[in-house]
Amino acid sequence: MCLFFILAGINFTALVGILSEKQWIGVIAGGLIILMSVVKTIKEVGWVSLMGALASVVVVLIVVVVGLVDYPNYVGHVSHK
């Protein structure tokens, strides 16, 4: 969980840049704490977990599609020092 907060804080700082990493970590942790306090039954937890799994699948699909679309731009152009 801590690693998730740190990575999410770093990514949100890079993407949005409004808050610092520590502030983003606090915002994300607070949001998850509020979400878990609102969820009262196991049935609701199942729906939240299903949404998380679907979000992961969507992210993987987006990364694969963007990688395949952008692949021709990087074929043969890699150089190392």
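Colleague: Let's start with Trp 24: what makes you call Trp 24 buried or exposed?

Modeller: Its number settles that. Trp 24 has a relative accessible area of 13%, and buried means under 20%, exposed over 50%, and partly exposed in between, with a 1.4 Å probe and protein chains only. So Trp 24 is buried. Before we go on: this is a predicted model, where local features need pLDDT of at least 70 and side-chain atom pairs count only at pLDDT 80 or more, while totals for chains, interfaces and linings use all residues. Residues are numbered from 1 along each chain as its sequence is written, and side-chain values use heavy atoms, with hydrogens and water left out.

Colleague: Okay, and why is the pair of Phe 12 and Trp 24 called what it is?

Modeller: Rings of Phe, Tyr and Trp (its six-membered ring) pair if their centres lie within 6.5 Å; planes under 30 degrees apart are stacked, over 60 edge-to-face, and the rest tilted. For Phe 12 and Trp 24 the centres are 4.9 Å apart and the planes sit at 25 degrees, so this pair is stacked. Phe 12 is in helix H1 (residues 2-15) and Trp 24 in helix H2 (residues 21-38), so the pair ties together parts that are 12 residues apart in sequence. Helices here are DSSP runs (H or I, at least four residues), numbered from the N terminus. Phe 12, at 36%, is partly exposed.

Colleague: How many aromatic pairs does the structure hold?

Modeller: There are two. In the pair of Phe 4 and Phe 5, the ring centres are 5.9 Å apart and the planes at 55 degrees, so that pair is tilted. Phe 4 is partly exposed at 46%, whereas Phe 5 is buried at 16%.

Colleague: Now the helices. What makes H1 and H2 count as oblique to each other?

Modeller: Their axes come within 8 Å and cross at roughly 125 degrees. Axes are lines fitted to C-alpha atoms over the stretch in contact, and angles run from 0 to 180 degrees between N-to-C directions. Under 35 degrees would be roughly parallel, over 145 roughly antiparallel, 65 to 115 roughly perpendicular, and the rest oblique. That's why H1 and H2 are oblique.

Colleague: Which residues make the contact between H1 and H2?

Modeller: On H1 they include Phe 4, Phe 5, Ile 6 and Phe 12, and on H2 they include Trp 24, Ile 25 and Ala 29. Contact means heavy atoms within 4.5 Å. By class, this contact has 11 nonpolar, two polar and one charged residues. Ala, Val, Leu, Ile, Met, Phe, Trp, Tyr, Cys and Pro are nonpolar, Asp, Glu, Lys and Arg charged, and the others, Gly among them, polar.

Colleague: What does Ile 25 touch, leaving out residues up to four places away in sequence?

Modeller: Phe 5, Ile 6 and Gly 9. Ile 25 sits in helix H2, and at 25% it counts as partly exposed.

Technical notes. Helices (H or I, at least four residues) and strands (E, at least two) are DSSP runs, numbered from the N terminus.
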